[in-house]
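Colleague: I would like to learn how to read a model of this kind, feature by feature. Could we start with a helix and work outwards from there?

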Amino acid sequence: MGADKIVDVKKDKKEKKSKDKSEKKEKKIAEGGVTKEKKDKKKDKVKQDKLARAVDAHLQVDPAAASEDAEVAEKGTGEVDPEDVIQSAASLVPFALPLADDKVHKKIYKLIKKGAKLRSIHRGVKEVEKALKKMPVKTPASAPADFPGLVIIAGDISPMDVIMHFPILCEEHNIPYLFVKSRADLGVAACTKRATSVVMLKPQGKPGSDKKKNDGDAEMESADDKKASAEEYLESWKELCKTAQKQWHVQVEPFVKGTHPLQVTFRSKA
């Protein structure tokens, strides 16, 4: 019986201690101390701040890049768009031939802007590469009208191996190409906020692509205006194809034939 009494006394002491602690806690809460509710609010505020920062970071990402990332995430392939890897370099890649001069640069950017309005362009490494590979391998064309497209490549690319296969692809499919000096300027001309490494200009645009979009105006241009716009684009496109052909013969062909002055000098020294 004595042992039972001792156990009962110990239990009473423990119960009294826990009761005293709960009373002190209630007293502290009544006096305006830190409550559980306030702690929960503090945690919620931290979570909200993190969420707000994540949303801000997402909104600062380029819309085109964000949409492509979302598509990749949906597919679950883990594929990375080469355009996300490419950076603008301080100097041009060594194979940036034929390189357009300043005068031709202006013509190229002007034509790309027209092509964007007519929806007659492909933008970016993946899109242009896909379009090129779909085209059949052909014999040399006799006239610019026979070309299936015109490729414009930015020369300030790093790493260079991401775009170094485009000249070979173009020559295999009989498509003229030109290099320009700025990846950023190429993106601006192509009407995208994203710097673009390569653009392919097609001779014809898609039907119904000449809608006016300024100030939300959905009215169609007149048939004469649409025809004139498409014809002007096609004429400029043919002229630029001729320029690309000519510059290829001047800048690239000597290297292909081994008659370039640098090659001759190297052989003579060897």
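Modeller: Let us begin with the side of helix 6 that faces outwards, where K130, K133 and K134 are exposed. Please keep in mind throughout that this is a predicted model.

Colleague: Which residues of helix 6 are buried?

Modeller: The general idea is that an α-helix has 3.6 residues a turn, so residues three or four places apart point the same way. In this case the buried residues of helix 6, which spans residues 125-134, are V125, V128, A131 and L132. Seen down the helix axis, these buried residues fall within an arc of 140°, so they line one face of helix 6.

Colleague: What covers the buried residues of helix 6?

Modeller: The cover includes helix 4 (82-85), strand 2 (121-123), strand 3, helix 7 (166-172) and strand 6.

Colleague: Strand 3 is in that list, so how should I read a strand, and how many of the residues of strand 3 are buried?

Modeller: In a regular strand the side chains alternate between the two faces of the sheet. In strand 3 (residues 150-154), 5 of the 5 residues are buried, so this strand is largely enclosed by the rest of the structure. Both of its faces are covered, with L150, I152 and A154 buried on one side and V151 and I153 buried on the other.

Colleague: Which strands pair with strand 3, and in which sense, parallel or antiparallel?

Modeller: With strand 6 (residues 198-201) the pairing is antiparallel, over 4 bridges, whereas with strand 5 (residues 177-180) strand 3 pairs in the parallel sense, also over 4 bridges.

Colleague: Where do R194 and D84 lie, and what does their pair tie together?

Modeller: The side chains of R194 and D84 meet in a salt bridge at 2.3 Å, N to O. R194 lies in the loop between helix 8 and strand 6 and D84 in helix 4, so the pair ties together parts that are 110 residues apart in sequence. R194 is buried, with a relative accessible area of 14%, whereas D84, at 34% relative accessibility, counts as partly exposed.

Colleague: Which residue forms a salt bridge with K133?

Modeller: The partner is E129, with the closest N and O atoms 2.9 Å apart. Being 4 residues apart in helix 6, E129 and K133 are separated by about one helical turn. K133 counts as exposed, at 54% relative accessibility. Elsewhere, salt bridges that share partners join D81, D84 and R194 into one network.

Colleague: Finally, where is H165, and how far is it from E129?

Modeller: H165 sits in the loop between strand 4 (157-158) and helix 7, and at 24% relative accessibility it counts as partly exposed. H165 and E129 are 36 residues apart in sequence and 9.3 Å apart in space, C-alpha to C-alpha. A polar atom of the H165 side chain also lies 3.4 Å from the backbone oxygen of V162.

Notes:
Residues are numbered from 1 along each chain as its sequence is written. This is a predicted model: local features need pLDDT of at least 70, side-chain atom pairs count only at pLDDT 80 or more; totals for chains, interfaces and linings use all residues. Side-chain values use heavy atoms; hydrogens and water are left out. Buried means under 20% relative accessible area, exposed over 50%, partly exposed in between (1.4 Å probe, protein chains only). Helices (H or I, at least four residues) and strands (E, at least two) are DSSP runs, numbered from the N terminus. Two strands pair if DSSP finds at least two bridges between them. The arc is that of the directions from the helix axis to the C-beta atoms. Contact means heavy atoms within 4.5 Å. A salt bridge is a side-chain nitrogen of Lys or Arg within 4 Å of a carboxyl oxygen of Asp or Glu. A polar contact is a pair of N or O atoms within 3.5 Å; within protein, one must be able to donate a hydrogen and the other to accept it, and residues adjacent in sequence count only if both atoms are side-chain atoms.
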